[in-house]
Amino acid sequence: MSSDIYKDIILDYYRHPRNFGDLPNADIRVKDANPLCGDVIEMQLKVQDGKVEDIRFKGKGCAISQASASMLTETVKGKTLDETKALGKQDVLNLLGIDPGPTRIKCALLGLKVMKLAVYGFLGQSVTDEVKQLV
Amino acid sequence: MVQKLDTINTSKIREDFPILKRQVNGKPLVYFDNAATSQKPTAVIEAIASYYKNYNANIHRGIHKLAEEATLAYEDAREKSAKFVNAGYPEEIIFVRNATEGINLVANSWGRTNVGKGDKIVITIMEHHSNIVPWQLLAQQTGAQIEFIEITDDGMLRQDQLERAIDNSTKIVAVTHASNVLGTINPVNTIGKLAHRHGALFLVDAAQSVPHMKVDVRDIDCDFMVFSGHKMMSPTGIGVLYGKREHLERMPPFLGGGEMIKEVHTTNASWNDIPYKFEAGTPDIAGVIGLGAAIDYLNRLGIENIHVHEQQITGYALSKISTVEGVKVYGPKSPKDRVGVISFNLGDIHAHDLASILDEEGIAIRSGHHCAQPLMEFIGVPAMSRISFYAYNTEEEVDVFTEALGKAGRLFKL
């Protein structure tokens, strides 16, 4: 990994996270942590007609974890739950515009995992192994 | 500035560690993660290889030459370990996997027979998870209570709380000799006296002290002490539990199996003498031999000399780091109150981001909660970065590190 990953856009999302905070009347709130490093992300979703009507996140952790979670919230807002479920690792890497390398990939994917847990939870579906193995 | 004492010849020592010659990301390796695990000298690597090449055999019951040589080397390492911490008897040294296993052994074997409902276990907020979770498990099983001693702003244990918390309901006081986060060297002699005055036993987690300074179990007068080989130039997978003979003899076994028995019948078994009662199954023979070789190596350098060298480099690092804009250092101000461990944060850069940036410069540091989440919560930070030194580290490496901190600050536009 190179420190090129700390591009201005990532620092900007780290210091000024979009969609950060609480969502009153959220339909579902899910929080998860990466036990290895202690990064924490909580996602709060408001769902209307099968779409993510609104979303907020809260969290603590490194720039990569917080920026990727924030970017994801912008991406899924207005998307259908099926579209949200279909998001994968590559989508997150495209958002970040970098490859964080093997030791930091889990930081980048924590937000995606929590987002998927929230959607599966809302739909009352059991979580797939693919989601569990993200982080 | 600390006066140069030249207690050890660092450049000569570095020759003994093959790994220190390697490059990381095109830069010379600066290994500042010694509190996590130390590097190994050629003497240790060769001692392990020699066992496998020349006298590999299972120990104790073999009636052949190889078994005899292996047994001799294994028991020789026990005597070396006993002398290294000034234990009165070699059988007070129990070989375990690591400090964690040593504490689990005490919490299970001694704990379940001596701790009951309403009893108190006193530990501190600066403990590693390995000296918290085994006691929590014991407390859940027995109904005992755990009380945490807090720290001052300087990272020193609160003496007033120690005196208040340790009372006649206290069964054991378990304290780290040196904090793996703050570096604080705790006043174990006085804490031990306080525990004993109230009839409590005293366990010292010496994982961060035994590798770096003279530690004397009889001077401290602890009932138990644990340390890990891999932090003192030995291989991973080998550690030591020291226990006073009077306690070890009365304690029931922790793990059952071969080696730990005198006789086994279908309905019952009787236990072997110490230390074998606590060494069930084939042990890590190569690891023990490696530990013996590491102790020889440390004795050649002189553990007091290592301590002086590390205090010197810690003092130097503390003064250099303080020149970097936006750095917050945790723990005691004076290097004499510390082992060679410095935890810090730089501006709003998360410790993991900082570790990534330094890695690119070939500098290995640790980042995160350092298996001390209660301490992180108490101080109120999610994570810290940590550098930690050993005999082979130099002030020039500290300069490389400080330079890289400045680069990280610029990258994050602090």
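**The open sheet and its setting**

Modeller: In chain B, the domain assignment (automatic or taken from a database) gives domain 1, made of 10-41 + 302-408, and domain 2, made of 45-299. This is a predicted model, in which local features need pLDDT of at least 70 and side-chain atom pairs count only at pLDDT 80 or more, whereas totals for chains, interfaces and linings use all residues. Residues are numbered from 1 along each chain as its sequence is written, while chains are lettered from A and ligands numbered from 1 in the order in which they are written.

Chain B as a whole has 14 helices and 17 strands, these being DSSP runs (H or I of at least four residues for helices, E of at least two for strands) numbered from the N terminus. Its radius of gyration, taken over C-alpha atoms, is 22 Å, close to the 22 Å that the globule rule (2.2 Å times the number of residues to the power 0.38) gives for 414 residues, so chain B is as compact as a globular protein of that length. Along its principal axes, the C-alpha trace of chain B spans about 70 × 55 × 35 Å.

The open sheet you asked about has four strands in the order β13-β14-β17-β16 of chain B, with antiparallel pairing; two strands pair if DSSP finds at least two bridges between them. Its edges are β13 (327-330) and β16 (366-368) of chain B, each of which pairs on one side only, and the twist from one strand to the next averages 30 degrees.

α11(B) touches β13, β14 and β17 of chain B, and its direction makes about 10 degrees with that of β14(B), whereas α12 (residues 351-360) of chain B touches β14, β16 and β17 of chain B and makes about 155 degrees with β16(B). These angles run from 0 to 180 degrees between N-to-C directions, with axes fitted to C-alpha atoms and, for helices, over the stretch in contact; contact requires that C-beta atoms, placed from the backbone, lie within 7 Å.

The C-alpha centres of domain 1 and domain 2 of chain B lie 27 Å apart, and 29 residues of domain 1 of chain B are in contact with 32 residues of domain 2 of chain B. On the domain 1 side, the elements that give two or more residues are α11 (303-321), β14 (341-346), α13 (373-379) and β17 (384-388) of chain B, with α11(B) giving the largest share, five residues. By class, that side has 15 nonpolar, seven polar and seven charged residues, where Ala, Val, Leu, Ile, Met, Phe, Trp, Tyr, Cys and Pro count as nonpolar, Asp, Glu, Lys and Arg as charged, and the others, Gly among them, as polar.

Taken together, α11(B) is a helix that packs on the sheet and gives the largest share of the domain 1 side touching domain 2 of chain B. Across chain B, residues 24 or more positions apart account for 71% of the contacts with a separation of 6 or more.

Key
Two residues are in contact if their C-beta atoms, placed from the backbone, lie within 7 Å.
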